[in-house]
Amino acid sequence: MNTRYPYTAGAEESDDGLQQFPESEEGERRSSARAWVDAEGYLRRAQRILAITHLAPDGDAIGSLLAFGRGMQSLGKAVTMACQDAAHPRFNYLGGVHDIRQSGDGAFDLLVAIDASDLQRLGTIFLPVEHSRVPMVVFDHHITNTQFGAVNVVDSNSASSSEIIFKLLRRMDIHITGEIASALLTGIITDTLAFRTSSTTPETLATAMDLMRAGASLHDITRRALVLRSYDSIHFLAAGIMASQLDDGIVYATITRKMRKDMGVKEERGDAGLVGTLITAMEASAAAVFVENPDGSIDVGLRCAPGLDVSQVAFEFGGGGHTVAAGCTLPGPMRDAVNRMLARLRRMIREQ
Ligand code: 5GP
Ligand code: MN
């Protein structure tokens with residue numbers, strides 16, 4: 001279960017032992033003006049910042065981390081950017097990507113967590129003994145965020161964490177260089193699938209326009225961050241599609257370690273976009289992809305049709321995400337993970 005960070009005021013356990021995330025009446029999470037002021041205060045006072053994004057980072061994780069790091073460095077602060085896992089080589093076009101470390105060692109007076117919905121998502125970068133003495137500011141857009149920082153700027157109306165970092169840089173009068181603009185537009189493009197998700201708002205488009213004016217190339221970033229893929233991953237996707245099943249409105253596929261090895265896929269993680277492809281079936285109310293990890297645990301990627309909510313499902317299993325796109329990790333073996341999750345998804349559809 002989620003480790004508590006000492007400053008936390010967050011998710012509660014309900015009577016049935018399942019975690020519930022705190023929600024406003026509108027069923028959304030919007031950060032208070034107070035949180036913004038407090039966050040800015042912490043950042044202005046800090047000298048040595050450890051900025052951390054979530055493990056298995058996607059484009060929004062890398063983009064928002066780099067933009068934050070570069071922005072704060074321009075104020076003369078020492079910023080260390082860290083992530084448990086290396087960025088995918090597709091993001092090598094981003095300036096500063098090679099400065100991201102895979103360790104949280106060092107002396108810091110402020111921790112900043114970006115695009116992570118709970119402390120576990122920081123993985124091995126968070127060092128419980130050393131870091132529990134240092135305040136943490138959280139910037140995130142997941143509706144399941146457990147408010148694990150001393151200050152939590154969490155806006156689930158924001159399509160990406162990159163838009164939140166854009167707002168932060170603007171608030172602090174930090175110049176948006178071409179490098180920062182490319183990082184932020186990468187986050188927006190990847191989390192909105194190039195402005196196609198229900199989370200895309202007029203503000204998302206306005207921010208993208210500002211970033212293009214600051215020097216980011218929309219077509220180049222879309223191609224590099226979203227469109228281009230390895231030939232291997234196309235095979236992987238094809239095999240996953242062929243192995244998928246449609247059952248009671250749920251399209252799902254399992255990817256075992258053996259399948260990955262037999263296909264010669266070099267990458268150890270990820271579903272190559274399979275779950276996002278499966279949910280495009282008209283017949284699907286929900287899609288799930290189960291990927292067996294090297295340690296035998298099972299990563300589950302979840303998607304659902306509008307009107308349903310997989311974020312609550314993922315959260316109950318210790319994960320998190322957004323209303324229509326979420327994920328969690330379950331213990332193996334594969335068959336048990338699949339049975340548990342399919343039963344829960346059937347209930348979600350029944351109770352719609
Ligand atoms: P994807 O299926 O694209 O990997 O993830 C979809 C969404 O769910 C993302 O917002 C991602 O951050 C979130 N997510 C995926 N796996 C996990 C998990 O194990 N824990 C949490 N907290 N969120 C997850
Ligand atoms: Mn994100």
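1. Strands here are DSSP runs of E, at least two residues long, numbered from the N terminus. The model is predicted. On that numbering, β13 gives the largest share of the shell around ligand 1, with 5 residues. At least two shell residues come from each of β12 (320-321) and β13 (325-330).

2. The shell around ligand 1 has 14 residues, and the closest are Ser117, His142, Arg303, Gly320 and Ala326. By residue class, the shell holds 8 polar, 3 charged and 3 nonpolar residues.

3. Polar side-chain atoms approach oxygen atoms of ligand 1 from several residues. For His142 the distance is 2.9 Å, and for Arg303 it is 2.9 Å. An N or O atom in the side chain of His322 lies 3.2 Å from an oxygen atom of ligand 1. On its own, ligand 1 has 500 Å² of accessible area, and the protein covers 75% of this.

4. Where does ligand 1 lie relative to domain 1 and domain 2? Ligand 1 lies between them, because domain 1 (12-226) and domain 2 (231-350) both contribute residues to its shell.

5. The two domains also meet each other directly: 16 residues of domain 1 are in contact with 13 residues of domain 2. Their centres, taken over C-alpha atoms, are 25 Å apart.

6. The size of an interface is often expressed as the accessible area lost when the parts come together. Between domain 1 and domain 2 the buried area is about 1200 Å². Carbon and sulfur atoms give 52% of that area.

How values were computed. Residues are numbered from 1 along each chain as its sequence is written. Chains are lettered from A and ligands numbered from 1 in the order in which they are written. This is a predicted model: local features need pLDDT of at least 70, side-chain atom pairs count only at pLDDT 80 or more; totals for chains, interfaces and linings use all residues. Side-chain values use heavy atoms; hydrogens and water are left out. A residue is near a molecule or strand if one of its heavy atoms lies within 4 Å of it. A polar contact is a pair of N or O atoms within 3.5 Å; within protein, one must be able to donate a hydrogen and the other to accept it, and residues adjacent in sequence count only if both atoms are side-chain atoms. Accessible areas come from the Shrake-Rupley method with a 1.4 Å probe; for residues, only the protein chains shown count as cover. Helices (H or I, at least four residues) and strands (E, at least two) are DSSP runs, numbered from the N terminus. Ala, Val, Leu, Ile, Met, Phe, Trp, Tyr, Cys and Pro count as nonpolar, Asp, Glu, Lys and Arg as charged, and the others, Gly among them, as polar. Domain bounds come from an automatic or database domain assignment. Contact means heavy atoms within 4.5 Å. Buried area is the accessible area (1.4 Å probe) that two parts lose on being put together, summed over both.
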